[in-house]
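Me: I am new to this structure and would like to learn how to read it. Please take one feature at a time.

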Amino acid sequence: MKTRILVNVDHGETRVAVLEDGRLFDFSLERENRLVGNVYKGRVVNVLPGMDAAFVEIGLSRNAFIYVTDVSPEARTATSFRDVDAAHRYSSISEALQVGEEIMVQIARPPVGTKGARVTTRIALPGRYVILLSHSSRHVGVARRIDDEHERKRLQQISDRLRPLDHGLILRTEAEERSESELKRDVEAMTALWKGINEQFRLVPAPHELHRDLGLVGRVARDQLTEYVDELLIDSESDYARVIELLQKDAPHLANKVSLYAGDIPIFEQYELESEIAKALSKAIPLPHGGQVTVDETEALTSIDVDTGKYVGKTNLADTILRTNLEAVEEVARQLRLRDIGGIIVIDFIDMDRVRDRIRVMNELESEFKRDRMRTRIIHLSPLGLVEMTRRRRGASLRELLCQPCPYCTGRGHVRTAETVATDLRRKVRRIARRSDEPMLVLRSHPEVAALLVGPDGDLIRELEEECGKLLGIRVNPEGHIERNEISPRECEAEFLAGFQQLQGQEFSIDRSATTYPGDSFSFYVCGGQLVQLPEIADLTDKKISLKVTTVGRWFSRAEVA
């Protein structure tokens with residue numbers, strides 16, 4: 001099996017796709033700094049005995065929460081002046097924490113919806129080959145994916161020799177067949193990192209960030225680039241250079257697997273991934289012979305339904321059902337990875353009367369999930385054909401990242417966020433610009449999308465014009481669907497601007513209740529089908545003010561106080 005990892009770095013967004021034999025199996029996206037793995041000095045602000053949990057201020061918009069089971073006495077002896085028996089286990093949150101107390105915590109689960117981040121005092125620092133567990137002196141482990149007993153015994157012995165005093169150590173899958181000297185270098189690096197974090201904890205006030213984990217590209221190079229990966233292809237020179245620098249230090253034998261993509265066609269278009277990502281947002285996924293898998297994400301769980309659809313089979317009903325279920329097994333495993341769905345999952349396979357068929361489907365399901373990097377637990381198949389399983393939640397799912405509750409149906413469905421549409425529109429402009437001979441392209445979109453595409457003072461649209469070598473004009477329609485946009489070639493800039501000349505000198509009044517873009521930021525207003533940039537004073541007054549359009553441009557007009 002040939003495995004290729006593709007990295008696309010765009011404005012404000014990094015995407016990573018994992019292809020197995022040319023087929024998309026894993027997709028990750030990062031638009032802002034990831035929180036999981038970050039270490040903070042926090043302050044306990046509220047203790048809830050009824051929940052056996054506490055809220056901790058760590059400097060984020062919402063306080064984090066910690067359960068009593070996530071408070072380690074071993075860690076408390078190093079980061080608190082309280083007299084704590086490290087061998088003791090807390091029976092209640094009131095015994096473990098006090099309001100106003102300062103503690104070191106690490107984010108275990110990111111904020112989701114209205115819930116704050118979940119944190120723990122058990123700090124884990126991952127390297128390429130090892131995970132250092134601070135203040136966990138009794139824990140030494142070897143990754144479960146290393147199944148050779150002789151190799152496991154060798155690594156266990158090495159781990160016993162290398163484990164720092166009062167710390168735990170887990171040897172990762174990548175440690176397999178690595179020499180003791182390589183593992184020792186990794187342990188020393190993580191130990192030095194921990195000492196730096198601990199020293200900073202003693203010096204800075206709470207709340208304060210003590211350590212930030214690697215970004216998406218760095219984590220891919222550290223956690224996913226192995227001997228089993230054939231190629232890591234990156235389309236950003238700066239990120240390529242950082243990955244090479246990281247590998248030269250941690251794993252020089254893997255540096256030759258990393259390449260810089262320099263093609264004219266965007267990397268995800270070259271490998272035909274844009275349409276695959278779009279399909280991952282749909283509920284229904286067709287199977288090769290006409291069957292269908294339907295994925296429904298809810299707050300409580302994810303349900304997956306398998307249906308024969310148009311497939312009628314060739315021999316008998318039992319064989320038709322078996323074949324559909326087996327095809328569904330592979331697609332379900334792929335979709336859960338691709339959509340990054342975690343939590344409780346219920347799969348409704350088509351009922352099978354033959355016991356051997358049920359056993360075969362379950363064996364195939366377990367086999368498929370062995371390739372999943374996230375920990376999964378599969379419960380037996382019920383007589384009704386239902387499989388209950390759990391998959392470790394890494395963060396927001398793909399749908400949660402790319403979509404928002406639909407404003408057109410009061411949240412009953414989902415549409416892509418304006419940020420997602422603007423990013424896609426930027427790619428669409430580049431694609432059409434390559435094919436068009438006309439000197440100008442006119443974009444028609446929702447003003448929220450247009451405002452994000454334009455950027456502060458037109459910086460982003462100016463950059464896009466220079467990149468495409470085309471003039472760009474923008475028309476907006478506040479009543480239009482946020483996902484709808486059009487791009488049409490035009491020969492003459494003067495003809496386009498003539499359609500907005502009636503705006504020159506036009507006066508209008510607005511106050512704080514006016515709809516402005518992006519996100520009611522008082523940056524742009526809509527007048528006569530065009531964005532109008534507002535003066536800064538419009539954001540500073542509670543009273544209605546009169547404005548006058550002074551300049552008309554291709555991207556937006558400018559207004560001043562009348």
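Me: Among contacts between residues at least 6 apart in sequence, what share joins residues at least 24 apart?

Reply: A contact here means heavy atoms within 4.5 Å. In this predicted model, 64% of those contacts join residues at least 24 apart.

Me: How is the protein divided into domains?

Reply: A domain may be made of separate stretches of the chain, as the assignment shows for domain 1 (3-33 + 215-269) and domain 2 (38-76 + 93-211). Domain 3 covers 282-402, and domain 4 covers 418-561. The C-alpha centres of domain 2 and domain 3 lie 34 Å apart.

Me: How many helices and strands does the protein have?

Reply: There are 15 helices and 31 strands.

Me: What percentage of the 562 residues counts as buried?

Reply: Buried means under 20% relative accessible area. By that cut-off, 49% of the residues are buried. The protein exposes about 27800 Å², with 49% of that area supplied by carbon and sulfur atoms.

Me: Which residues touch the most other members of the largest nonpolar core?

Reply: The largest one holds 44 residues, and M104, L183, L232, V243 and V258 touch the most other members. Helix α4 (residues 180-203) contributes the most, with 6 residues. Domain 1 and domain 2 each supply at least three residues to this core.

Me: What does L232 touch, leaving out residues up to four places away in sequence?

Reply: The partners of L232 include I5, V7, V220 and V243, as well as K257 and S259. A second, separate core has 29 residues, among them V429, L443, I461 and W555.

Conventions:
Residues numbered from 1 in each chain as written. Predicted model: local features only at pLDDT ≥ 70, side-chain atom pairs only at ≥ 80, totals over all residues. Heavy atoms only, no water. Domains from an automatic or database assignment. Helix = DSSP H or I, 4+ residues; strand = E, 2+ residues; numbered from the N terminus. Buried < 20%, exposed > 50% of the residue type's maximum accessible area, 1.4 Å probe, protein only. Areas by Shrake-Rupley, 256 points an atom, 1.4 Å probe, with all protein chains shown as cover. Core = buried A, V, L, I, M, F, W, Y, C linked by side-chain atoms within 4.5 Å.
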